[in-house]
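Morning, everyone. Let me put the model up, and then we will walk through it piece by piece.

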Amino acid sequence: MEKKLRVGILGATGMVGQRFISLLENHPWYEVVTVAASPRSAGKTYEEAVGERWKMTTPMPESVKRLVVINVNEVEAVAAAVDFVFSAVDMTKEEIKAIEEAYAKTETPVVSNNSAHRWTPDVPMVIPEINPEHFEVIIDQKKRLGTERGFIAVKPNCSIQSYAPVLTAWKEFEPYEVVATTYQAISGAGKNFQDWPEMIGNLIPYIGGEEEKSEQEPLRLWGKVENGEIVKASSPVITCQCLRVPVLNGHTAAVFVKFRKKPTKEELIDRIVTFKGIAQELDLPSAPKQFMQYLEEDNRPQITLDVDYEKGMGVSVGRIREDNVYDYKFVGLSHNTVRGAAGGAVLSAELLTAQGYIKAKA
Ligand SMILES: NC(=O)c1ccc[n+]([C@@H]2O[C@H](COP(=O)([O-])OP(=O)(O)OC[C@H]3O[C@@H](n4cnc5c(N)ncnc54)[C@H](OP(=O)(O)O)[C@@H]3O)[C@@H](O)[C@H]2O)c1
């Protein structure tokens, strides 16, 4: 790319926003030129607005420190400065729906982490390795919005990243019943242990709204485009429990599966490690070389050893074994704020750029 695209980040001061800032430092295609957050941060420099709240392990990039934070609601001001935006704001669902559409209507593509538009029929919710063809509905969404280049694309919830890709790789064996329990890190709530000391040595058996997302969103990923809308798949049925655990980064899933065509363990492992998609074929800048790895050791995947696999963009799988109630069980692990949030959105934006949906404003 001759000239980098100008990027704005909505919710730039939050946990996911900070992850965007870190991941986009030295990105070959994108340059962060605008940071936006709540009225509390607006008018301050990014460095002042974030202050002690910087939660990344790498230092705050020099290039953003002196950017002045704009109020997310100043849509025209942000839109005038950027080619597209990433969205990770914490507002009500209705507010997020409205603000993301307002940005799209200024001809600014929005690649969002938020859940607000995940079930809007003509908004694609994509994991590039799984359902890139869903970007086709953008053309119909633009007709509805009355835009030429503005649209919204979203990514799914962080919880499903540890098992939905695995089940996708096993599609030929026709999984039809899945029981999953997720063990989710505190960064998924935008927190670390300083903000949330009550989590040290603790487990909370409830994450608001998470179980429904974990059961339903994979079905939308596996859905089909029909008449300009995504129609969700009906199988496999998934039931899920989501637990908050004292882990900083990394969502683990313990999963049981029944198959119509029961495979061997070797076949299951083979399909995981050979699985790849368009992100690998196009060699997108943030694509993991290998999307999923299989670990043979009984005590893997582990958070401390495996969460950063492929710079947090890959999925680690282990403990595949036969079960006496279901056919097989396994454990999956992925990084919730990298692949599960900002990194997943960056990869989607890269695919949208490679396919010509996102380009420089004239
Ligand atoms: N953490 C994850 O792993 C994860 C994964 C997937 C999706 N998400 C979603 O991504 C979004 C952000 O999550 P997070 O964990 O980064 O949250 P967070 O750390 O609480 O950050 C929230 C961001 O939204 C801004 N904000 C809050 N109220 C606002 C308002 N009224 N108007 C405009 N901006 C406002 C905040 O700005 P100030 O700093 O000025 O308050 C901050 O930049 C949420 O919708 C979350 O559900 C998170």
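Start at Pro301. Pro301 is in the loop between β12 and α11. Helices here are DSSP runs of H or I with at least four residues, strands are runs of E with at least two, and both are numbered from the N terminus. The bond joining Arg300 and Pro301 is a cis peptide bond, with omega about 0 degrees.

Before I go on, the ground rules. This is a predicted model: local features need pLDDT of at least 70, side-chain atom pairs count only at pLDDT 80 or more, and totals for chains, interfaces and linings use all residues. Numbering runs from 1 along each chain as its sequence is written, and side-chain values use heavy atoms, with hydrogens and water left out.

Back to Arg300. Arg300 sits in the loop between β12 (292-295) and α11 (303-306). Is Arg300 buried or exposed? Arg300 counts as buried because its relative accessibility is 18%. The cut-offs: buried is under 20% relative accessible area, exposed is over 50%, and partly exposed is in between, with a 1.4 Å probe and protein chains only. The Arg300 side chain also makes a polar contact with the side chain of Asp306, at 2.7 Å. A polar contact is a pair of N or O atoms within 3.5 Å; within protein, one must be able to donate a hydrogen and the other to accept it, and residues adjacent in sequence count only if both atoms are side-chain atoms.

There is another cis bond to see. It runs from Ser235 to Pro236, with omega near 0 degrees. Pro236 is in the loop between β9 (229-231) and β10 (237-244).

Now backbone phi. Glu174 has a positive phi, near 55 degrees, and is not a glycine. Find Glu174 in the loop between α7 (164-169) and β7 (175-184). Glu174 is partly exposed, because its relative accessible area is 30%. Arg319 has a positive phi too, near 60 degrees, again in a residue other than glycine. Arg319 lies in strand β13, residues 315-322. At 30% relative accessibility, Arg319 counts as partly exposed.

Next, Ile138. It belongs to helix α6, residues 138-145. Ile138 counts as buried because its relative accessibility is 0%. Gln216 is 78 residues away from Ile138 along the chain, and their C-alpha atoms are separated by 22 Å.

On to the ligand. Which residues come nearest? Of the 26 residues around the ligand, they are Thr13, Val16, Ser38, Ser41 and Asn114. Being near means that a heavy atom of the residue lies within 4 Å. By class, the shell has ten nonpolar, 13 polar and three charged residues. Nonpolar is Ala, Val, Leu, Ile, Met, Phe, Trp, Tyr, Cys and Pro; charged is Asp, Glu, Lys and Arg; the others, Gly among them, are polar.

A side-chain N or O atom of Ser41 is 2.5 Å from a ligand oxygen. For Arg53, a polar side-chain atom lies 2.8 Å from an oxygen atom of the ligand. Asp90 uses a polar backbone atom, 3.0 Å from a ligand oxygen. Two or more shell residues come from each of α1 (15-24) and α12 (338-354).

That is the tour. Questions, please.
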